[in-house]
Amino acid sequence: MTTASPPRGFAADVIDRANTTGWQPWLTHVAGAGGCSAPVRLRGDLHTVDAATGVVLAERSTDSMPDGLIYKACGTRRAALCPNCAKTYQHDAFHLVRSGLTGGKSVPETVTSHPALFVTLTAPAFGPVHSRSLTTSGHVRPCRARRDATVCAHGVTLACHTRHREDAPDIGQPLCLDCYDHDAQVVWNLASGELWRRTRIHADRALSRAAKARGIAPASVRLRYVKVAEFQRRGAIHFHALVRLDGHTPGSDAIVPPPAELDTEVIASILAAAAASTSFRTDPHDESPDGWLIRWGAQVDIRAVQLGDGDMTEGHAAGYLAKYATKATEDTGHLSGRLTETTVHAYADPDGDHIARLIAACWGLGGEGPEWIGLRRWAHMLGFGGHFMTKARAWSTTFGQLRDARAQWIRRQHGVDSEAADTILLVNHLRYDGTGWHTEADALLATSAAARAREQRQLAREAQHELNTIDRLD
Ligand SMILES: [Zn+2]
Ligand SMILES: [Zn+2]
Ligand SMILES: [Zn+2]
């Protein structure tokens, strides 16, 4: 593709693209990866197979295609890595969360009658940090006002009267780095998934008791969850979860309304009690012979989701979850891939800034034995090794189904009819060729074409919406 020619300009690359493959054939070829900033390039053979008989109907090599390659969108959920793929992920996340509250996309509309709650669970304090909070009238409070502020062993006055701006870099930073318990925080991050799992078990048991007390068979009700993990500025994980109560018919996947006696208030108190009562101790460690106590912080927030209006509607709840689902450690200011013996020293420093100390704590504690190795494996995530978004299968449709729907749309654009798509199988033998576009000109062409296609789809949707409105008026 690239020959040993002198460095050439952007315009020359655009012209080159027109001369080699032609713009339009190339844009059609790359449409599936259009908006991606770092598509995966694949090379190899594509077989079209009759699903019933296994007979190969057609065989094509990528050699016959523009650039001799297939471009596949990277599909990341991380906005910092690929804004467009993350936007697609966020869009999917929003719709699959929301449909679990409003119905649609294979979820019956009766879900609107189920109790639904938005729950925020945070980590406890590991030492005082700069923070920003608002009074009920919307004014910014002084960060940490103390009339008789104590001075710590390191000579730091543990008070701060600043009313921090929203984007102040101080927020989340410890008042005294030496007092702060970095070890406890990274261990908490590592154990947070287990804390969540145990909390759910407690909530499920409490639900069974509440059902029995009302003469309802415990097997006929279920709590369903969608949860996202988010890093706070201090580098501790916290969770936002949507919890919905469903009726359950053993042996069936159908989403049915729960008995009315188990209302939103009952479920809210079950969740609050589960969060308050769940705690456990980790394995012992040389640095903490009794292990660390793992429990939720005092800031447990549980709110009923109201359909249509209010300060926590289905749109707010789905929007929050979708927003957090595309971030990792970005808000803490740390961004790196998995760390190794050779790369960790660039980021870890037990006497450095807050993040450097957290990473140093992960590396240091993680060296003790197999039960702590997760801290090293997830040092770049400050100890957190869980998923950023998880949901019960029964919540609504899945990311896979949404991707299939999108792939069908793309197949239609390419003239492959979906009737045939059910009976034929595409079997690909593809090798990894590399990541990214060949030139900046290619990247720009593909991205702007994708933006135009998105606009056209939006216009088509609006036109369709108008037609539907007119239909109803008729
Ligand atoms: Zn991408
Ligand atoms: Zn402060
Ligand atoms: Zn101190």
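This is a predicted model: local features need pLDDT of at least 70, side-chain atom pairs count only at pLDDT 80 or more; totals for chains, interfaces and linings use all residues.
**View 1. L46 and its partner across the strands.** L46 has R60 in β2 as its bridge partner. Residues are numbered from 1 along each chain as its sequence is written. Strand β1 (residues 40-50) runs antiparallel to β2 (residues 56-61), and five bridges join them. Strands (E, at least two residues) and helices (H or I, at least four) are DSSP runs numbered from the N terminus, and two strands pair if DSSP finds at least two bridges between them.

**View 2. The turn of the hairpin.** Five residues lie between β1 and β2 in their hairpin, where G54 adopts a positive phi near 80°.

**View 3. The other partner, β3.** Residues 70-72 form β3, which pairs with β1 in the antiparallel sense over three bridges. Look for R41 here: Y71 in β3 stands opposite.

**View 4. The second largest pocket.** This pocket holds about 1,500 Å³ of space, and of its 36 lining residues, T122, R132, Q232, H238 and Q299 are the closest to its centre. A pocket is an open set of points on a 1 Å grid over the protein atoms alone, where a 1.4 Å probe fits, with protein on both sides within 12 Å along at least five of seven lines; lining residues have an atom within 4 Å of a point. Grid points are joined across faces, edges and corners, and the volume is the space filled by probe spheres set on the points. Helix α6 (314-324) gives the largest share of the lining, three residues.

Terms used. Chains are lettered from A and ligands numbered from 1 in the order in which they are written. Side-chain values use heavy atoms; hydrogens and water are left out.
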